[in-house]
Amino acid sequence: MSAPFDPNRNLANVSLRHVGKPLVRTDAPGKATGRTPYAGDYVMPGMLHAKVLRSPMPSARLVRLDVSKARALEGVALVLTARDLPDRLAPTDIPGQTGQTRLKTDQQILVRERVRYHGEPLALIAAESVDVAEKAMSLIDYDLEPWPGVFDPESAMRPGAPVVQGTDNIVARHAIGKGDIDAGFAAADMVVERTYRTQFIEHAFLEPEVGLAWVDENDVVNIRVSTQVIEHFRFIADAIGVPHNKVRIMGALVGGGFGGKEDITVEIYLALLAKHTGRPVRLEFTREDSFVGHGKRHPFILTYKTGVKRNGKITALDVRLVSDAGAYVFLSPYVLLYGAIAAPGPYLIENLKVDAVSVATNNMYTSAFRGFGSAQACVAYEQQMDEVAQAIGIDRLDLRRRNYLKTGEPTATGYRVPSAVWTERCADIAWQALGEKTPAKGAIRIGRGLAAYQQSYGRLTFLHDTSEAWVGVEVDGTVIVRSGVTDIGAGQASALAQIAIEVLGVNMENVVVYNSDSAVTPLAGTTTATRALYMTGNAARVAAEAVRGRLVARAAKAFGVPVDDVVLADNKVSALDRPDKAMSFADLVRLCATEGIQRSELAMFRAPFTDRLDPATGQGQAFADFTYGAHAIEVAVDTETGEVTVLKSVACHDVGQCINPAAVEGQIEGGAAQGQGYALSEEMIYREGRLMTPSLSEYLIPTAMDVPVVKSIILESRSGVGPFGAKGIGEPALTPVAPAIANAVADAIGRRIHDLPITPEKVVRALHGID
Amino acid sequence: MPTVNLTVNGKAVSANVEARTLLVNLLREQLGLTGTHVGCDTSQCGACVVHVDGKSVKACTLLAVQANGSKVTTIEGLASGDKLHPMQEAFREHHGLQCGFCTPGMVMSAVCLAQNHPNLTEKDVREGLEGNLCRCTGYHNIVQAVLAGAQAMRR
């Protein structure tokens, strides 16, 4: 374990040329001109088009499936059903683990007998055109017999409830126990207990899932696909029954992910169809396919019981979490664990008990979504802080100040975070920055809310995460970075470029990043869990520093100066205070090349490796580090219509060190908008397991009209475990937004709506005292 | 199959299409202009916005045959050679994009908006882009880019 961050230590006198500057991202020109090819833009000669036939019922038995008419249709190349497939399953666990036992989470690829969710695939079709594939789909005859289902997690836990799969509906449990919970409540002057509920949320990335697969001359199944995770190649290979080295995944710049392209989407269908037909196959989900075809954000039921002294010191916290895992496991156990670890929020709670359970239902399966359980926890713990403050009659920020976890203090799992904990500073700054309060007028009431948070970046440390990057220099002085990292829109590739040129002293126009190919770029792991910059950024930095070391050694020899006196900057090499000693970067590289000095390096970065948490108490190290910050909101609530308008939105995060401040601000502004949708308008509504909101006209993500100008205040403690002291910001940007809005609405109307989203209807009902 | 004749990005184009072929499919699949994106099937997202006779149009709401005889401009036709259109330059410079999937539609809508509003305000931009969804940026930088791009277009 590294030593805790000392906030009083002098920060290194770092003079950065490229890192920390708002450089235009390497991917920006292609995107602005429409030249960037997305996965859906690739075509091949002789390509077939695929469709997936899905179950319209959420819980049923497939009693008949007749594909003979579809197979007979002219232009149909192949129709696959479960009967045609070997007895294989699609794994749904986190990829890339070493030495860990996989959870029993496998899913049938196509329905064999039992349908478990609305949208579960019954058959795959490959045809000469999309039109023919659609016609074939309509020619498939099937009978589904309704089967008893269960559609909410509380019912699913009751004895006698229909079992979704396996022996019972309990998908996972986690517990955290710390201190003496009974003594903590006994010491309290008041106990406040509330239950909060969150909803199913859809990622709604703008680019629906899409891919193109073909089998090459070496019998390798190649798949060009929009994904956050190229390393699913192993599981895809297992699912179709070929060795791992016979599946190659090539990404493309991804049209948005947010966790929704973290699991396998189209890949197995494509691999099967390409393998069975011997022809290239393209599959593009429609928006409706996308809505029913990938996992959602987990709805959570969060019950918080807080014991507090009159002076605001929290003496005990008892948390119960129930999440709806839907019909298949996917990442539910991990999302639940994140929720349990995040449950107390950024506060020092000495007497803590968390009981968390994830439950299977016949709803859509749930999996990764930006915030990954931590966001749901924040919705509850930050509303609970306001409820506790109100109950004991002290200021909301004062209550928080009384309880913030401070630098060096232990988190819920007893882990002392190695970096700066600047929660209080962030919260105070964000709150101040709201400025003068907008006056209320007529039926319009104004309210303010704040939410602080603690959010991990990097994967669970017991997963033993690693990431690789390769950096090389060419004889003309240009730089190449190769890494498997997928770029899902946050500038992941561009950040690697900035890091490499910072270390090597060349300029942005002289670097190219090649990424996202499971066969030829070094494996970097997933672009998930706010880990890409932390893990791959560190790998790129280490690789670039190794190359730099060799170049500088050679330059020092040429100049006759110590290595520490060699300066690399602006594509030039020079010696400190020796204007006569200089050469171009390209000349130095050529010199190295002629002498056979290695001009490249493959580096692996390893996160801390730990054991699993203690199963009984949840104590131990779970993550390498956390990001801290806060979001402050001012809303206007129309008490006649119930409409909530966000007037002011201020974020203050300690990101450690910005690599590209423009990209950091972009993450924060985007997180603010997604968080606003989470709070106010977005909900995937399932009625008895059937999706009622299958399009963007029913599922309402914020538009340019809905979101205010977001003020981003970025602090840099330079204390993170990422490159140059960076922390992660991808998920943290979203986490505090929804509870801050919920707190602002409660402040405005004097009543709290405990379940998201806070729709106009709920506001009006609350104002009229209707439950 | 009906034949459509139109001018796309300044070039005369003739294509055989099915009567029900959408303009966006003609552009993407037959003409290979993949900068125009499809993000939904319900005309909500605006990723497919192009200009038809100078007006911004969601290319998924128009049949290819309806565009017969029209002048169509897509994102690929906006730049002059290597020189970006001022609106593209503004999106690049002001970080008005992240994943980039909505960007072509945003840029095309923005160009039209700037042409129709000589004194474009932030409110005009937000109202004018309501039919273009973005899930990454929170719109802030897009709005800034459009305001800057509109100003540059007037120069």
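**Close-up 1. Helices α13(A) and α14(A) in the predicted model.** In this predicted model, helix α13 (residues 492–504) of chain A and helix α14 (residues 532–559) of chain A have axes that come within 8 Å and cross at roughly 25°. This angle makes α13(A) roughly parallel to α14(A), and α13(A) passes α14(A) in a right-handed crossing. On the α13(A) side, the contact is made by Gln492(A), Ala495(A), Leu496(A), Ile499(A), Ala500(A), Val503(A) and Leu504(A). On the α14(A) side, the contributing residues are Ala532(A), Leu533(A), Thr536(A), Gly537(A), Ala540(A), Arg541(A), Ala544(A), Glu545(A), Val547(A), Arg548(A) and Leu551(A). By class, the residues of the contact of α13(A) with α14(A) comprise 12 nonpolar, 3 polar and 3 charged.

**Close-up 2. Helices α10(A) and α17(A).** The axes of helix α10 (residues 374–392) of chain A and helix α17 (residues 737–749) of chain A come within 8 Å, with a crossing angle of roughly 30°. The crossing in which α10(A) passes α17(A) is right-handed. Helix α10(A) contributes Cys378(A), Val379(A), Glu382(A), Gln383(A) and Asp386(A) to the contact, and α17(A) contributes Ala738(A), Pro739(A), Ala742(A) and Asn743(A). The contact of α10(A) with α17(A) has 5 nonpolar, 2 polar and 2 charged residues.

Close-up 3. Pro757(A) is placed in the loop between α17 and α18 (760–767) of chain A. The peptide bond that leads from Leu756(A) to Pro757(A) is cis, and its omega is near -5°. Most peptide bonds are trans.

**Close-up 4. Two residues of chain A with positive phi.** Most residues other than glycine have a negative phi. Ser516(A), a residue other than glycine, has a positive phi near 70°. Ser516(A) sits in the loop between β21 (511–515) and α14 of chain A. With a relative accessible area of 4%, Ser516(A) is buried, because the value is under 20%. Asp570(A) also is not a glycine and has a positive phi, of about 50°. The loop between β22 (566–569) and β23 (572–575) of chain A holds Asp570(A). Its relative accessibility is 43%, so Asp570(A) counts as partly exposed.

**Close-up 5. Ala90(A) and its contacts.** Ala90(A) belongs to strand β4 (residues 89–90) of chain A. The relative accessibility of Ala90(A) is 7%, so this residue counts as buried. Residues up to four places away in sequence not counted, Ala90(A) touches Asp106(A), Gln107(A), Ile109(A) and Ile268(A). Gln108(A) is 18 residues from Ala90(A) along the chain, and the C-alpha atoms of the two are separated by 6.1 Å.

**Close-up 6. Helices α3(B) and α5(B).** In chain B, helix α3 (residues 103–116) and helix α5 (residues 140–154) pack at an angle of about 50°, and their axes are 10 Å apart. At this angle α3(B) is oblique to α5(B). The two helices, α3(B) and α5(B), cross in a right-handed sense. Residues Met106(B), Ala110(B), Val111(B), Ala114(B) and Gln115(B) in α3(B) meet Ile142(B), Val146(B), Ala150(B) and Met153(B) in α5(B). The contact of α3(B) with α5(B) has 8 nonpolar residues, 1 polar residue and no charged residues.

**Close-up 7. The surroundings of His51(B).** Strand β3 (residues 49–52) of chain B includes His51(B). His51(B) has a relative accessibility of 7% and therefore counts as buried. The side chain of His51(B) reaches the backbone oxygen of Met108(B) at 2.7 Å. Residues up to four places away in sequence aside, His51(B) touches Ser56(B), Lys71(B), Val72(B), Thr73(B), Met108(B), Val111(B) and Cys112(B).

**Close-up 8. Leu78(B) in its loop.** Leu78(B) lies in the loop between β5 (71–73) and α2 (86–93) of chain B. Leu78(B) counts as buried, at 12% relative accessibility. Apart from neighbours within four places in sequence, the residues in contact with Leu78(B) are Thr73(B), His85(B), Gln88(B), Val107(B), Met108(B) and Val111(B). Leu78(B) and Gly100(B), 22 residues apart in sequence, are 16 Å apart from C-alpha to C-alpha.

Methods. Residues numbered from 1 in each chain as written. Chains lettered and ligands numbered in written order. Predicted model: local features only at pLDDT ≥ 70, side-chain atom pairs only at ≥ 80, totals over all residues. Heavy atoms only, no water. Helix = DSSP H or I, 4+ residues; strand = E, 2+ residues; numbered from the N terminus. Buried < 20%, exposed > 50% of the residue type's maximum accessible area, 1.4 Å probe, protein only. Polar contact = N/O pair within 3.5 Å; in protein donor to acceptor, adjacent residues only side chain to side chain. Contact = heavy atoms within 4.5 Å. Axes fitted to C-alpha atoms, helices over the stretch in contact; angles between N-to-C directions. Parallel < 35°, antiparallel > 145°, perpendicular 65-115°, else oblique. Left-handed = near helix turned anticlockwise from the far one by under 90°. Nonpolar A, V, L, I, M, F, W, Y, C, P; charged D, E, K, R; others polar.
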